[in-house]
Each structure stands twice: as C-alpha cells, then as structure tokens.
Amino acid sequence: MATTKESFNISGEELLNKVKELIREGNIRKITISDKSGKELMSFPLTVGVVGAVLLPVLAAVGPMAALITECTISVERETTP
C-alpha cells in the first residue's frame, strides 16, 4: 500500500483532541509530533486493528506534553489505496 504525508500546525491545547481524531480515522500508519522549531518530540506507529487499551499509554503521554507546548506540528502518514 502507498502512503501519503500530511501536516497540521496546531496549538498545544488542540493537540490531544487532534491526535484522538486522527486515530479514530483509522487509516493512519504513523503520527509524529514536533515543536515549532521542527524538533521531534514524539513519534508513534499505528497499525491496523490497534484500538482501545493499546492506545491509552500513547494518549497518556500526549496529554501532559500538550500542556507544556504552545505550538506544534503533527505529521501524519496515511495509507492510501492505489
């Protein structure tokens, strides 16, 4: 399968909600969170079928980080069908 990349510039307040929204979409392979200078803060792969309790540690790590940063970029790798 092919992948496409997409980026979103958001505030720290919106970070957790955006990550949850992207996970619900279900066609995401990887999410990378970077600060406004481009330094990677966190990166995690998502595989098909990963839901529920498996994602709790990821969301638990994103929450406190969102409180510490003012602006960030979320880069997303999506699976696309040819």
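Predicted model: local features only at pLDDT ≥ 70, side-chain atom pairs only at ≥ 80, totals over all residues.

A: Glutamate 21 counts as partly exposed, because its relative accessibility is 34%. Its salt-bridge partner is lysine 18, with the closest N and O atoms 3.4 Å apart. Lysine 18 has 15% relative accessibility, so this residue counts as buried. The cut-off for buried is under 20%. Both residues sit in helix α1 (residues 12-25). They are three residues apart, about one turn of the helix.

Next, a pair between strands. Arginine 29 forms a salt bridge with glutamate 79. Here the closest N and O atoms are 3.5 Å apart. Arginine 29 belongs to strand β2 (residues 28-35) and glutamate 79 to strand β4, so the pair ties together parts that are 50 residues apart in sequence. Arginine 29, at 38% relative accessibility, counts as partly exposed. Glutamate 79 also counts as partly exposed, at 22%.

Salt bridges with shared partners link Glu6, Glu25 and Arg78 into one network.

Strand β4 also supplies glutamate 77. Glutamate 77 forms a salt bridge with lysine 5, the closest N and O atoms being 3.9 Å apart. Lysine 5 lies in strand β1 (residues 2-11) and glutamate 77 in strand β4 (residues 71-80), so this bridge ties together parts that are 72 residues apart in sequence. Glutamate 77 is partly exposed, at 21% relative accessibility. Lysine 5 is exposed, at 70%.

In total, a search of the whole structure finds five salt bridges.

Notes
Residues numbered from 1 in each chain as written. Heavy atoms only, no water. Salt bridge = Lys/Arg side-chain N within 4 Å of Asp/Glu carboxyl O. Helix = DSSP H or I, 4+ residues; strand = E, 2+ residues; numbered from the N terminus. Buried < 20%, exposed > 50% of the residue type's maximum accessible area, 1.4 Å probe, protein only.
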